[in-house]
Amino acid sequence: MIKVDDVRKKFGNIQALAGVSFVTSDGKTTALLGPNGAGKTTLLRLLVGLLQRDQGAISIDGLDPATDPIAARRSIGFLTDQFGLYDRLTTREHLVYFGELNGMNRQSIARGIDEVVALLAMEDILDRRAKGFSQGQRIKVALARTLLHKPRHLLLDEPSRGLDVMSTRALRRTLGALRAEGACIIMATHVMQEVTHLCDDVIVIAKGQTVAQGSPADICERTGIASLEDAFVSLVGTDEGIA
Amino acid sequence: MSNKFSIVLRKELREAFRDRRALGVLLMIVIIYPLMLWVALHKIIDMAVKGEHENVALVVIGASQVPTLVSLLEQKNIKISARDDMSEPDVTDMLRRREVVAVIKVGSKFTDNYNAMRPARIELWFDSATDQQSKLHRVEAVLHNYNAVIASSRLLAHGVSPVALTPIQLQSYDTATNASRSVQFLGALLGIFFAASFFFCLNTAMDTTAGERERRSLEILLAQPIHSFELIMGKWLATATLAIIGLMLELTVAHLILKFMPLEEIGMSWRMGWPMLFGMMLCAVPLCLFAAAFEIALAMNARTFKEAQTMMSFAVLLPMMPTIIVPMLDLNTSTWMYVVPVLANQTLLLEVAKGQVVGILPYVLTIGSSLLAALLSIGFAAWRLRSEKYVLGV
């Protein structure tokens, strides 16, 4: 479970986050929906402890990433839209590396690799070097390394950007499976389709502030607008930056 | 928890040894520097050896007037070809083309002056730009000997002892030993060997920092449960390992070359043994640590590999400066030299090769200065990696 309470963050003169508050629960996929520049990436980085907040409280299963980032990260899997693979390493070597970094021993890594390979159908690329992988293969490796240590919380930053249909379906399948297992998934996105199809809960963010939180149906009810996209636009006050 | 750096170290080393370009560059440098040394020495030895045994050829104009000189020259294995006369342009031409080492012209008035006991002129024509010093010296030696022989016999004929000609007896003592002479000469060349440590690990240093940024993999790494200093330490040690391997190989090859070349031919010797050489290599390990740390601290500021390459091509000159400038200044070895990283190793090697007794202080300073520089550099890199500004640009 992730709790965020009145978090603020300033970069020089720019107030990136001006008071964000929400709660996400286990077994749910929550969308962090907002236009470009709303502060989604900054918020995710604060959750992982890459940046320090100016004010407010963050709790990830009770841990504060500002005071104990290492412990907090153990229960987090972070996936960005940049896959950053090492061309000279094989898929297996990637997974072993990240498994070891997450403190897994050899047997758990081996078991983890078996599970993740089955989940993502990666047998063919397991022992191939990453040089020359297609986009779909890359995201499989990126997903695999994120899930290997069975994190309780998944933070995804614009995950389906640049993905083809097959890869998007694989991603959807995986997220569904994880949700069923009780993971707490936060997906930062500005793609409406993803929100309506994948997410149980929506947090609307604009200009660094939470504007609304609720299921897609709730949002529509609250604004009295049938389409989520229009509801979102009316909440945010501008249609700039929506896909 | 603190040995997470070894996870990073193993992965970075595995990647580095699969980088064919980096390994290729490493091998090339390991071979090229010692090869340059071999070529330079070989040429010098060759010239020295040939110089002693090669024949010297002369042209003598008016040889009929100086039969004694001719026979003295021939005794010293100098070939004479007699000519009647040659114009100055012809002489210049012949000397420039190195057909002969020198031309001796005995003028028409020679015999008259000689018989009248007036100074009888002999002209020695040579071309100093053709670089035949040793051969020319042999000719001049014969001429001086000729002069002395005539003078002594004339004095003797007048009842004066020829000893009157040499009131001062000059005794020369050269305090340079074979070893010290060679070391002065080999000095600058050997200094470059240590500076090469900066080139051995360059590729890895750039790949492991700027390369990660370019691949956009650094953000993910920083989001793992590992401290940033463990991350940088693994990368640092992997980079340094490459420098150490390269330097050890290079010094071994250079040592073998110096050991098996006939240096005695040029009055030089290389008396360093394997244990001493190994000691030098150990002293160079902190230097490799510094090279790696320095390059990582710089390269991490570049956003792409190419940007790093441009930056580093200038930056690497900096540590090499002392090794080039100081030998040119021709200073005496003093303590401050052991405090400057690359210069320290070079100076230490030279002093030990000369056969000097070196106390414990130079070793301590050499190791300490590089180690300190390394720790400062990597400390800076670790701090930078944690800073918010850096993370935002990752």
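This is a predicted model: local features need pLDDT of at least 70, side-chain atom pairs count only at pLDDT 80 or more; totals for chains, interfaces and linings use all residues.
Local features were taken at pLDDT of at least 70 and side-chain atom pairs at pLDDT 80 or more, while totals for chains, interfaces and linings use all residues. Residues are numbered from 1 along each chain, and side-chain values use heavy atoms, without hydrogens and water.

The contact (heavy atoms within 4.5 Å) involves 28 residues from chain A and 28 residues from chain B. About 3,000 Å² is buried between the two chains, 59% of it from carbon and sulfur atoms; buried area is the accessible area (1.4 Å probe) lost on putting two parts together, summed over both. Y86(A), R88(A) and L101(A) account for 24% of the area that chain A buries against chain B, more than any other three residues.

Across this interface 7 salt bridges were found, defined by a side-chain nitrogen of Lys or Arg within 4 Å of a carboxyl oxygen of Asp or Glu. One of them joins E93(A) to R18(B), with the closest N and O atoms 2.7 Å apart. On the side of chain A that touches chain B, α3(A) gives the largest share, 5 residues; helices are DSSP runs (H or I, at least four residues), numbered from the N terminus.

Within chain B, α12 (residues 274–299) packs against α15 (residues 341–354) at about 175 degrees, the axes being 10 Å apart. Axes are lines fitted to C-alpha atoms over the stretch in contact, and angles run from 0 to 180 degrees between N-to-C directions. The two helices are therefore roughly antiparallel (over 145 degrees). Residues in this contact include M276(B) and F290(B) of α12(B) and P341(B) and V352(B) of α15(B).

Note on methods:
Chains are lettered from A and ligands numbered from 1 in the order in which they are written. Angles under 35 degrees count as roughly parallel, over 145 as roughly antiparallel, 65 to 115 as roughly perpendicular and the rest as oblique.
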